[in-house]
Amino acid sequence: MTKTLIKGADVIITMDDARRELTDADLLLRDGVIAGIGENLSADGAQVFSAKGKIVTPGLVNTHHHLYQTLTRAVPGAQDALLFGWLQRLYPIWARFGPEEMYVSAQVGLAELALSGCTLTSDHLYLYPGGARLDDTIAAAQDIGLRFHATRGAMSIGESDGGLPPDALVEDEGAILADCVRVIDAFHDPSPGAMVRVGVAPCSPFSVTRDLMRDAALLARDKGVMMHTHLAENDEDIAYSLEKFGCRPGQYAEDLGWTGDDVWHAHCVKLDGQEIDLFARSRTGVAHCPCSNCRLGSGIAPVRQMRDAGVPVGLGVDGSASNDIGNLVGEARQAMLLQRVKNGADAMSAREALEIATRGGAAVLGRDDCGQLAIGKRADLAIWDATAIENAGSWDPAALLLAGPVKVDALFVEGRQIVSEGHLTSINLPNVIARQNALGRFLADVP
């Protein structure tokens, strides 16, 4: 039995059903779950972590990422492009990847997430050049120690068939479905407290056929796993849907079985009122990626309207080629600020944005065992230094997204500490960064 006592936190922001905020309080972690929360707790044989001067929150949850893209940040020619042009610039570079590039880039991206307070992340891997497999990113997550929801993405419509991706990056649809079965059978754990789950995730309506979207949904539901894709990301996306399918993206998704509480869509910047109502009725989730949407000029997603209608919303950093940062607490702040820009200064509070980044993301990923600090929930928590310069002068330490650190002081996942005093303890991060930079220099000669 492993026990850790988090002792004397200045503030514990529980995000429990009552949204309690406790001062000068303790948390007891036992065998991967929260066993106690309150004042003056004790536990014989527990390792004691002093949280004096600290703020404790649930671990943040990232609902959309492309971890492989950490190798292609700030690429010239893609820095100022809209979505489709951005993809066309980067596809030839990504085509040169292999298993090592996938593994190392995932390690770097996961480390960056961990240092920003993230304990649970999804990943959308939709291209498999040079023998790369979903297994490569799952191995990276196991090494880092983050809770991981891997999704087996895919592209099947290449340039010769009118799609955006080079033909070298697309796959046969029968092989795609067969590999979905393989990775689900090999890695998916449906049990509470699972460290690895697997979803099915065709890349987007403009890179796979309607048949694959429909067959993927049937496969996912037969296997009891979740489904994920990109949807309604920008004006080009809407125009493509109207031209090719004769309907808006929401109708396309509904027609092919891509709505429901086992589905979440990335972006949804351009959903209209009817589509928001559809998602609310069907409990279809949304991964809101504010920084990427700004970076690519896609627009401001109608998060306020989604939340008010009852759409489940979480946050995503998106790929590091379109953000180009993977800091999830920064993403939460950006989400809050953009809703204020669009809807007024009272449109979203710091606490609501933090809720979206914790409970909201956990709900989108189907994890009612994560996202809050309550007895019986998983022991996933982020600890922030309230004495940091960002907090100096703050009258409300719990308003973390208004005045607070952008890097976590300590991080616990399943009760295991993987960040200590702002440093990752599970891998040798400087060595991994050096390895990534060496791989990046090899890729840099793509014209």
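At the start of helix α8, a side-chain oxygen of Asp-272 comes to within 3.2 Å of the backbone nitrogen of Gln-274. That is a polar contact, a pair of N or O atoms within 3.5 Å; within protein, one must be able to donate a hydrogen and the other to accept it, and residues adjacent in sequence count only if both atoms are side-chain atoms. The model is predicted: local features need pLDDT of at least 70, side-chain atom pairs count only at pLDDT 80 or more, and totals for chains, interfaces and linings use all residues. Residues are numbered from 1 along each chain as its sequence is written, and side-chain values use heavy atoms, with hydrogens and water left out.

Helix α8 spans residues 273–282. Helices (H or I, at least four residues) and strands (E, at least two) are DSSP runs, numbered from the N terminus. Within α8, Glu-275, Ile-276, Leu-278, Phe-279, Ala-280 and Ser-282 are buried. Buried means under 20% relative accessible area, exposed over 50%, and partly exposed in between (1.4 Å probe, protein chains only). Their cover includes β10, α7, β11 (263–267), β12 (285–288) and α10 (303–309). Arg-283 follows the helix, with a positive phi near 60°.

Arg-283 also belongs to the largest pocket. Glu-355, Arg-359, Gly-360 and Ala-363 join Arg-283 as the closest to the pocket's centre, out of 17 lining residues. The volume is about 290 Å³. On a 1 Å grid over the protein atoms alone, a pocket is an open set of points with protein on both sides within 12 Å along at least five of seven lines, while a cavity is a set where a 1.4 Å probe fits but cannot get out; lining residues have an atom within 4 Å of a point. Grid points are joined across faces, edges and corners, and a volume is the space filled by probe spheres set on the points. Helix α12 (residues 350–364) gives the largest share of this lining, 5 residues. By class, the lining has 6 nonpolar, 3 polar and 8 charged residues. Here Ala, Val, Leu, Ile, Met, Phe, Trp, Tyr, Cys and Pro count as nonpolar, Asp, Glu, Lys and Arg as charged, and the others, Gly among them, as polar.

Next come the cavities. The whole structure holds 3 of 30 Å³ or more. Of its 15 lining residues, Leu-83, Trp-86, Leu-87, His-230 and Glu-233 are the closest to the centre. Helix α1 supplies the largest share, 4 residues. The second largest cavity holds about 40 Å³. Its lining is Pro-205, Leu-231, Asp-237, Tyr-240, Ser-241, Phe-245, Pro-249 and Tyr-252. Two elements give two or more residues each: α6 (235–245) and α7 (249–255). The largest share, 4 residues, is from α6.

Of its 122 residues, they touch the most other members together with Trp-94, Leu-110, Leu-146, Trp-258 and Leu-411. Such a core is a set of buried Ala, Val, Leu, Ile, Met, Phe, Trp, Tyr and Cys residues joined through side-chain atoms within 4.5 Å. Helix α2 (residues 99–115) contributes the largest share, 10 residues. Another core, of 18 residues, lies apart; among them are Leu-27, Leu-29, Ile-37 and Ala-379.

Thr-229 has contacts (heavy atoms within 4.5 Å) with residues including Met-213, Trp-258, Trp-264 and His-265. Met-213 is 16 residues away in sequence and 9.5 Å away in space, C-alpha to C-alpha. A polar side-chain atom of Thr-229 lies 2.7 Å from the backbone oxygen of Pro-202.

Trp-264 also touches Thr-63, whose other partners include Ser-122, His-228 and Gly-361. Thr-63 is in the loop between β6 (60–62) and α1 (83–94). Its relative accessible area is 0%, so Thr-63 is buried.

Some backbone details remain. A cis peptide bond, with omega about 0°, joins Asn-323 and Asp-324. Asp-324 is in the loop between β13 (313–315) and α11 (328–343). Met-15 is not a glycine, yet has a positive phi of about 55°. Met-15 lies in the loop between β1 (3–13) and β2 (21–30) and is buried at 5% relative accessibility. Arg-19 is found in the loop between β1 and β2, with a positive phi near 55°. Arg-19 is partly exposed, at 35%.

Technical notes
Lists of a residue's contacts leave out its neighbours within four places in sequence.
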